[in-house]
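Here is a short tour of one protein chain, meant to be read with the viewer open. Take a look at the sequence and the fold, then read on.

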Amino acid sequence: MQNFNLTIPPYAAAAIEKLNSSGFEACVVGGCVRDTLIGRKPGDWDICTSALPWQTREVFRQDFHVIETGIKHGTVTVVSDGQPLEITTYRTEGNYTDHRRPDSVTFVSDIREDLSRRDFTVNAMAYSQTTGLIDLFGGQTDLQNRIIRCVGDPEKRFGEDALRILRALRFAAVLDFEIEPKTAAAVHKMCGLLENIAVERIFIELKKLLSAPASRRIVSEFSDVVAAAAGQHPQIQATGSNHSTAVAFCLHFSNASDVLNRLKAPKALIASAAALQSAKEPETLPKALALMGKLGEDDFRNLIEYYDALGVSTELLRRAQASGIPCRISQLDITGKDLADLGISPGPAMGRVLNALLDAVMEGRLENKKSALLGAAEHIFGS
């Protein structure tokens, strides 16, 4: 235990006080402690406690909304001041026969036993105003030295839960840390265990890893691990500057849509990656505008980001983006009803006229004004 003051948000502090006043120990634990120590804002605040799950439920059920979904494994979610808090009983874990989840959990009364089962030293710290910082495995020192290190034997930790292999890479890439040599050796040695992990979970970890600031370094150093996870060897060319998901996968894999399909990624993301990798660099402003119309605004922004990372000129793309020139039929100052009033029937003929008008506007031969468009439409239809 060390002297250290950590500011716990009021909604989490209130939950800890509620448990303490009921006779139980309680601390914030894990990522929120890690992030606070390095000056990052925690995404959430998790609490561990000596209270058994049903005791936790009883402490809070009178004045708080309690969600019991994870109670079998020791976790009760308590909504405090509108914020969900996961409150988990100190526990140890049985064998991991599937290399992902423990076959059983045993609730214990000593936080030391709980912290000893955790993945990495930087995640195995707890804090309360009563106890101060509880750091049994050198997590604070590893944070200072910018190191990811397993708690205890790395091969045992990865054998228990193979997803920790990717988590090690992800933390190193996000925090720009090194992976401690024994931990790194186990990562390489045991990456074949990733075949036991659901592809949806692999996708989540890879998404965070590939978009992280130090992704290029980590992917290069652990390309065998990334290949085992993705089913395709990575191409090491990403700059690692918090890219969007589609861009990150395109930068790391020569056929990103194949990888994303294997990982059962969202269909929209697969389509975006395929569109980015199949896009041809435009040679003229009208072609850049046509490409923007085809891709849509979001994927066009992604394409600019993708080309920037590849060192491809984006001048024409940025000019198209800033021009305000229509790139889709819906942006023309004319409607199908206007064309119908000219005697042009809905169907192929109207489509041909609208596409011709859009081409003329994008090429600068025609103003996007209703009067000019109607005159041009009559000429095109009559020709």
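## Cysteines

The cysteine sulfur closest to that of Cys 150 belongs to Cys 191, and at 14 Å it is too far away for a bond. A disulfide needs the two sulfur atoms within 2.5 Å, and the count for this predicted model therefore comes to zero disulfides.

## The nonpolar cores

Now for the packing inside the model. Its largest nonpolar core takes in 116 residues, and Leu 206, Phe 249 and Leu 357 have the most contacts inside it. Helix α7, residues 163-175, supplies the largest share of this core, with nine residues.

Leaving aside neighbours within four places in sequence, Leu 206 touches Leu 166, Val 226, Ala 229, Ala 230, Phe 249 and Leu 263. Another core lies apart from this one; it has nine residues, including Val 29, Tyr 90, Ile 111 and Ala 126.

## A buried arginine

Helix α7 also holds Arg 164. Is this residue buried or exposed? Its relative accessible area is 8%, so Arg 164 is buried, the cut-off being under 20%. The side chain of Arg 164 makes a polar contact of 2.7 Å with the side chain of Glu 160.

Methods
Residues numbered from 1 in each chain as written. Predicted model: local features only at pLDDT ≥ 70, side-chain atom pairs only at ≥ 80, totals over all residues. Heavy atoms only, no water. Core = buried A, V, L, I, M, F, W, Y, C linked by side-chain atoms within 4.5 Å. Buried < 20%, exposed > 50% of the residue type's maximum accessible area, 1.4 Å probe, protein only. Helix = DSSP H or I, 4+ residues; strand = E, 2+ residues; numbered from the N terminus. Contact = heavy atoms within 4.5 Å. Polar contact = N/O pair within 3.5 Å; in protein donor to acceptor, adjacent residues only side chain to side chain.
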